[in-house]
Amino acid sequence: TKRFLIPYKSLAKEKELGHGAFGVVYKGTWDGVEVAIKELKERMDRKEEKRQFVNEAKRLCTLRPHPNVVQFYGVCIVLRYCKGGALEHYIYSKEEGRREEMDIDTIHSILLGAAKGIRHLHQQGIVHRDIAARNVLMTSKRIEEAEAVVSDFGLSREVKEGNGAQQTRSRFGPIRWMSPENLERAEYSRKSDVFMWGVLVYEVVTRQVPWDGCTAMEIMRAMD
């Protein structure tokens with residue numbers, strides 16, 4: 001994996017694109033190429049977040065390239081810069097000009113692209129575990145021309161041959177997108193990713209947050 005090590009001084013950060021529980025993503029350049037740079041937040045002391053960050057980097061190092069999976073360049077985590085940003089901005093944003101109408105062909109292209117990306121991950125022995133509109137990036141600001149690529153592998157896990165379910169010690173996860181077996185028994189598999197893709201379909205078609213207005217407890221009771 002030494003070939004993926006990128007000297008920090010060769011990166012130039014420009015602006016923050018977004019942040020999550022433990023990481024911050026910046027737009028920047030690396031040797032003249034527009035990239036997205038993902039870093040741990042400052043003063044990040046929790047071992048679990050550090051472990052997820054390192055595991056994401058390790059998985060990306062072994063992942064074969066695919067047009068519907070965000071391209072990885074190296075560590076510190078440096079990825080392809082997708083000019084369109086996250087799909088969620090196009091379906092939920094209240095900013096004028098950001099929430100675009102999508103015809104059936106555009107919807108089909110986005111969902112098919114995400115499905116191809118997920119299938120590629122599964123073929124590489126990886127379950128994503130966080131499929132949602134916020135983690136699907138668009139390669140262009142013109143939604144009808146953009147390619148959908150799957151990103152953010154912080155919760156991903158390697159899986160053994162076959163579709164058998166495996167368990168995780170952590171109960172942390174995006175509850176509104178999680179499958180029943182994931183909620184009840186902390187089990188994950190390729191099938192739980194497919195369930196999440198189904199929730200993504202709901203997001204794109206209805207432009208509504210899954211289980212909107214429901215508490216976590218109400219969701220778990222409904223799934224029981």
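In which helix is Val199 found? I located Val199 in helix α5, which spans residues 190-206, taking helices (H or I, at least four residues) and strands (E, at least two) as DSSP runs numbered from the N terminus.

Before going on, I noted that this is a predicted model, where local features need pLDDT of at least 70, side-chain atom pairs count only at pLDDT 80 or more, and totals for chains, interfaces and linings use all residues. Residues are numbered from 1 along each chain as its sequence is written, and side-chain values use heavy atoms, with hydrogens and water left out.

I looked up the surroundings of Val199 next. Val199 has a relative accessible area of 12% and is therefore buried (under 20%; exposed is over 50% and partly exposed in between, with a 1.4 Å probe and protein chains only). Leaving aside residues up to four places away in sequence, I found that Val199 touches Arg176, Trp177 and Pro210, a contact being heavy atoms within 4.5 Å. I also recorded a C-alpha to C-alpha distance of 7.5 Å between Val199 and Ala132, which are 67 residues apart in sequence.

I then turned to the strands, where pairing requires at least two DSSP bridges between two strands. Strand β2 (residues 23-30) pairs in the antiparallel sense with β1 (residues 11-19) over seven bridges, and Leu11 has Trp30 as its bridge partner. On pairing with β3 (residues 33-40), again antiparallel, I noted eight bridges, with Ala36 as the partner of Lys27. The β2-β3 hairpin leaves two residues between the strands, and Asp31 in the turn has a positive phi of about 50 degrees.

For the whole protein chain, I noted six helices and 12 strands, with buried residues making up 47% of its 224 residues.
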